[in-house]
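Keep the viewer open as you read.

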Amino acid sequence: MERLKSVLELSSYRDTLLRQGGQPETCVRVCTTGCRAHGALEVRDALLAEIKSQGLEERVEIRVTGCHGFCAKAPGIGIDPRGILYQEVGVED
């Protein structure tokens, strides 16, 4: 692949990848930096278990990430492509 030279080329390449499919419909991003001290890994494990129990492994991806910027409200999870951010998430949620 040739190096991309503009934002327009990057956008076009992204659209091509999305059309190829194989991507889950939803990505749940779980902060596992500072949020780890507030139970983020347990939240991730609970999300993985629930997704598996409902048979959604092909439709929902759980991705561990770095800081979302809301450390005072940890743990935080983001839901894409909806652009939703939940704060102070617990296992029971």
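**The helix and its buried face**

In α2, the buried residues are Ala40, Val43 and Ile51. Buried means under 20% relative accessible area, exposed means over 50%, and partly exposed lies in between (1.4 Å probe, protein chains only). Helices (H or I, at least four residues) and strands (E, at least two) are DSSP runs, numbered from the N terminus. Seen down the axis of α2, its buried residues fall within an arc of 70 degrees, so they line one face of the helix. The arc is taken over the directions from the helix axis to the C-beta atoms.

This is a predicted model: local features need pLDDT of at least 70, side-chain atom pairs count only at pLDDT 80 or more, and totals for chains, interfaces and linings use all residues. Residues are numbered from 1 along each chain as its sequence is written, and side-chain values use heavy atoms, with hydrogens and water left out.

After α2 comes Gly55, with a positive phi near 70 degrees.

**Strands under the helix**

What covers the buried residues of α2? The cover includes β1, β2 and β3. β1 and β2 pair in the parallel sense, over six bridges. Two strands pair if DSSP finds at least two bridges between them. Within β2, Arg63 stands opposite Arg29. The chain crosses from β1 through α2 to β2, and this β-α-β crossover is right-handed. Right-handed means that, with the strands pointing away from the viewer, the path from the first strand over the helix to the second runs clockwise.

β1 also joins β3, through four bridges, and these two run antiparallel. Val30 has Ile77 in β3 as its bridge partner.

**The core**

The largest nonpolar core has 13 residues. Such a core is a set of buried Ala, Val, Leu, Ile, Met, Phe, Trp, Tyr and Cys residues joined through side-chain atoms within 4.5 Å. Val28, Val30, Cys35, Val60, Ile62 and Ile77 have the most contacts inside it. The elements giving it two or more residues are β1, α2, β2 (60-65) and β3 (77-80). Contact means heavy atoms within 4.5 Å. Leaving out residues up to four places away in sequence, Val28 touches Leu47, Val60, Glu61, Ile62, Arg63, Ile77, Gly78 and Ile79.

Thr32 sits in the loop between β1 (26-31) and α2 (40-53). Is Thr32 buried or exposed? At 11% relative accessibility, Thr32 counts as buried. Gly69, in the loop between β2 and β3, is exposed, at 53% relative accessible area.

Most residues other than glycine have a negative phi, and most peptide bonds are trans. Ala74 and Pro75 are joined by a cis peptide bond, with omega about -10 degrees. Asp80 and Pro81 are also joined by a cis peptide bond, with omega about 10 degrees. Pro81 is in the loop between β3 and β4 (84-86). Glu88, not a glycine, has a positive phi of about 55 degrees. Glu88 lies in the segment after β4 and counts as partly exposed, at 48% relative accessibility.
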